[in-house]
Amino acid sequence: MENPEVAVSSCSPHDDENLCSYKRHSSVSQEGLLEDQLRRKLKFFFMNPCEKFWARGRKPWKLGIQLLKIVMVTVQLVVFGLSNQMVVAFKEENTVAFKHLFLKGYMDRMDDTYAVYTQTDVYDQIFFAINQYLQLPNISVGNHAYEKRGAEETPLAVCQQFYKRGIICPGNDTFDIDPEIVTDCLYIEPTTSLDNTTMGKHNLNFTLDFPRLVAVQLTFNLKAINLQTVRHHELPDCYDFTLRIVFDNKAHSGRIKISLDNDIAIRECKDWHVSGSIQKNTHYMMIFDAFVIVTCLASLILCTRSVIKGIWLQREFVSFFLYYYKKEVSFSDQMEFVNGWYILIIVSDVLTIVGSTLKMEIQAKSLTSYDVCSILLGISTMLVWLGVIRYLGFFQKYNVRISWDLHIVASHPNTASSITQCNEVLLLCCYDLPGLLFLWMDCTGTVPREVPHSEHGF
């Protein structure tokens, strides 16, 4: 019996692992075997899920998880959106209510034109807001209350800003001014007794020097609880309102503009108790969010594994070409092994996991980051739906149709109207979802291969 041919290794410490492997198997017969194995690996790697199933019977688990994710993250976003809608509505309605409470004669949609023109009107507006603040528990129809720091309630601050020195004589065309701004504040406690009288200049030492006056600002803090969420089986949040009423006289034009700004902070309530089944419903939603996280973790692991396998195959392919053909593979060809769709899904999975965790903390009233959670869940849902296009492209007719639909979206007459384009893409994804279901059935063998694919996947 002849002795088999022995390959002599000529590896150096600087050689790549795959390149060293080829040097150890440098016989002619083994070269053909390695080339055939690599060809089979490449062919299988670039197959779509359906072809992989029919070749080796490997079920498209990533496709199934993406189908499940589409349903789950969409439901999750809709539910959270409805909850967040109540938060936004509560903020806006409170701001409108405060404008009607503290701005004398205010009417809706007059923010840009709301101003005063006489000194008497300025004083009337200031003392009106002060009196409304002091009488708030008796006049407000909402559950508003003064902010407390310890056992004391925070006061209302009336601050006026004026030039340090100013002698202005328009009739003589002369002036002497020091532009340094000086601030003088007066604090009024909510417990101030009114004795059924209104606060005014006669009982409050407050005078304005209009020639030097730059601005007057009333600042105070209020608190409220959003009880409307109870009807939707959610625990209420506690709100802190920091209100600023600004009388802007920077222009010194004879018109002092008045505006009310409302900075809102949402906090978890310190002590609460709700009778009924609210806590049970909250637990159900948290279980659903936990299932979303588990599903996204499975998708993240599968897609990360596929990306790593692609990088390994890329290195093997580059080493094979470098050793046997003395050629270097171009960067564009190497990037063919990096599946951008998997990276897109990985990013969406990470965003969904973080957003779902924040959502669970919000439902448990440990956090109140509604805006951050909305952004994370919104972007992740958009990326999940965009990932659907990859799987729909596995049908030849779907591939042509998607290219045509996306061309229509891209050539929309109003290219600046991003909202219209986003709506059309969303409709495209929803319209093609039945075809995605058909693709799963076709890959798993539920539908015979002889059945021709219609344009809509049925």
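In the hairpin of strands S5 and S6, four residues lie between the strands, and aspartate 173 takes a positive phi near 60 degrees. Strands here are DSSP runs of E with at least two residues, helices are runs of H or I with at least four, and both are numbered from the N terminus. The model is a predicted one, in which local features need pLDDT of at least 70 and side-chain atom pairs count only at pLDDT 80 or more, while totals for chains, interfaces and linings use all residues. Residues are numbered from 1 along each chain as its sequence is written, and side-chain values use heavy atoms, with hydrogens and water left out.

Strand S5 (residues 156-169) runs antiparallel to S6 (residues 174-188), and 13 bridges join them; two strands pair if DSSP finds at least two bridges between them. Within this pairing, tyrosine 163 stands opposite isoleucine 181 of S6. S5 is also joined to strand S7 (residues 213-225), again antiparallel, by six bridges. There, cysteine 159 has glutamine 217 in S7 as its bridge partner.

A pocket is an open set of points on a 1 Å grid over the protein atoms alone, with protein on both sides within 12 Å along at least five of seven lines, where lining residues have an atom within 4 Å of a point. The second largest pocket holds about 380 Å³ of space, the volume being that filled by probe spheres set on the points, which are joined across faces, edges and corners. It is lined by 17 residues, of which Lys148, Lys223, Cys238, Asp240 and Lys270 are the closest to its centre. Strand S2 (145-146), strand S3 (148-149), S7 and strand S8 (238-248) are the elements that give two or more residues to this lining. By class, the lining residues are six nonpolar, two polar and nine charged.

Helix H4 (residues 61-102) contains leucine 68. This leucine 68 is partly exposed, at a relative accessible area of 37%; buried means under 20%, exposed over 50%, and partly exposed in between, with a 1.4 Å probe and protein chains only. Leucine 68 touches Phe291 and Thr295, residues up to four places away in sequence not being counted, where contact means heavy atoms within 4.5 Å.

Taken as a whole, the chain has 12 helices and nine strands. Of its 458 residues, 40% are buried.

Conventions: On a 1 Å grid over the protein atoms alone, a cavity is a set of points where a 1.4 Å probe fits but cannot get out, and a pocket is an open set with protein on both sides within 12 Å along at least five of seven lines; lining residues have an atom within 4 Å of a point. Ala, Val, Leu, Ile, Met, Phe, Trp, Tyr, Cys and Pro count as nonpolar, Asp, Glu, Lys and Arg as charged, and the others, Gly among them, as polar.
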